[in-house]
Amino acid sequence: MSREIAKATYEDLPEILLLQKLAFQSEAQLWHDCSIKPMTQTLQEIEDEFARGVVFKLMDKQKIVGSIRACEENGRVYIAKLIVHPDYRNVGFGASLLAAVEEFYKGRKFELHTSCRSEKNLYLYRKNGYKEFKREKVSDVFEFVFLEK
């Protein structure tokens, strides 16, 4: 299959948002909560993120099957919403998307977060050199794990 990672365009955002909602269904199921932010994000909000940083897309033929967003503030790059279509997971695409951001922002410090229940995400990030530096309780049951590289 022909796969490539490229910078997303403004016109790609509606498709990326749909993919995001599909990709985060597994996370919503972990928490029994479909109101988590990635599931309720609006097109306007993703457009705002696009304007503040970079959005990469992973293409398989003419279809977007993965994406990642990042923005830089004060010399630190904040990575957000690494998403891969459920049919394309566990074959290295998440690591490839991380590498694309790291290459784009070469020489910077990176930070990202995920939920404490997201074992596959934590495995991916740790395998790619990210180290946990804090945890933040958002509610009685929900906790974010923050990692940096």
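User: Is Phe-104 buried, partly exposed or exposed?

Analyst: Burial is judged from relative accessibility, with the buried class lying under 20% and the exposed class over 50%. This is a predicted model, and in it Phe-104 has a relative accessibility of 40%, so this residue counts as partly exposed. Tyr-105, by contrast, is at 7% and therefore counts as buried.

User: How many aromatic pairs are there, and how are the rings of Phe-104 and Tyr-105 arranged?

Analyst: Two rings pair if their centres lie within 6.5 Å, and planes over 60 degrees apart count as edge-to-face. The count comes to eight aromatic pairs. For Phe-104 and Tyr-105 the ring centres are 4.9 Å apart and the planes stand at 85 degrees, so this pair is edge-to-face. Elsewhere, Phe-133, Phe-142, Phe-144 and Phe-146 form one aromatic cluster, and the charged end of Lys-134 sits over the ring of Phe-146, at 4.7 Å from its centre.

User: How should I read a helix, and which residues of helix 5 are buried?

Analyst: An α-helix has 3.6 residues a turn, so residues three or four places apart point the same way. Helix 5 covers residues 93-104, twelve residues in total, and reaches 17 Å from its first C-alpha to its last, which is close to the 16 Å expected. Its buried residues are Phe-93, Gly-94, Leu-97, Leu-98, Ala-100, Val-101 and Glu-102. The elements that cover these buried residues include strand 1 (3-7), strand 2 (54-60), strand 3 (63-73), strand 4 (76-84), strand 5 (109-115) and helix 6 (119-127).

User: Which way do strand 3 and strand 4 run, and how many bridges join them?

Analyst: Pairing is read from the bridges between two strands, and at least two are needed. Strand 3 and strand 4 run antiparallel and are joined by seven bridges, with Ser-67 standing opposite Ile-83 of strand 4. The two strands form a hairpin with two residues between them, and Asn-74 in the turn has a positive phi of about 55 degrees. On its other pairing, strand 4 meets strand 5 in the parallel sense over three bridges, and here Tyr-78 stands opposite Glu-111 in strand 5.

User: How many residues of strand 4 are buried, and what is particular about the phi of Lys-81?

Analyst: In a regular strand the side chains alternate between the two faces of the sheet. Strand 4 is mostly covered, with seven of its nine residues buried. Lys-81, which is found in this strand, has a phi near 50 degrees, a positive value in a residue other than glycine, and at 16% relative accessibility Lys-81 counts as buried. Asn-90 also has a positive phi, near 65 degrees, but its place is in the loop between strand 4 and helix 5, and at 66% relative accessibility Asn-90 counts as exposed.

User: Where does Glu-148 stand in the pairing of strand 7?

Analyst: Strand 7 (residues 143-148) pairs with strand 5 in the antiparallel sense over five bridges, and Glu-148 is the bridge partner of Glu-111. Strand 7 is also joined by six bridges to strand 6 (residues 131-137), again running antiparallel, and there Lys-131 stands opposite Glu-148. Strand 6 and strand 7 form a hairpin with five residues between them.

User: Is Thr-114 buried or exposed, and what does it touch?

Analyst: Here burial and contacts can be read together. Thr-114 lies in strand 5 and, at 6% relative accessibility, counts as buried. Apart from residues up to four places away in sequence, Thr-114 touches Asn-121, Leu-122, Tyr-125, Glu-143, Phe-144 and Val-145. A polar contact of 3.1 Å joins the side chains of Thr-114 and Asn-121.

Technical notes:
Residues numbered from 1 in each chain as written. Predicted model: local features only at pLDDT ≥ 70, side-chain atom pairs only at ≥ 80, totals over all residues. Heavy atoms only, no water. Phe/Tyr/Trp six-rings, centres within 6.5 Å; stacked < 30°, edge-to-face > 60°. Buried < 20%, exposed > 50% of the residue type's maximum accessible area, 1.4 Å probe, protein only. Lys NZ or Arg CZ within 6 Å of the ring centre and 35° of its normal. Helix = DSSP H or I, 4+ residues; strand = E, 2+ residues; numbered from the N terminus. Expected span 1.5 Å × (residues − 1). Contact = heavy atoms within 4.5 Å. Polar contact = N/O pair within 3.5 Å; in protein donor to acceptor, adjacent residues only side chain to side chain.
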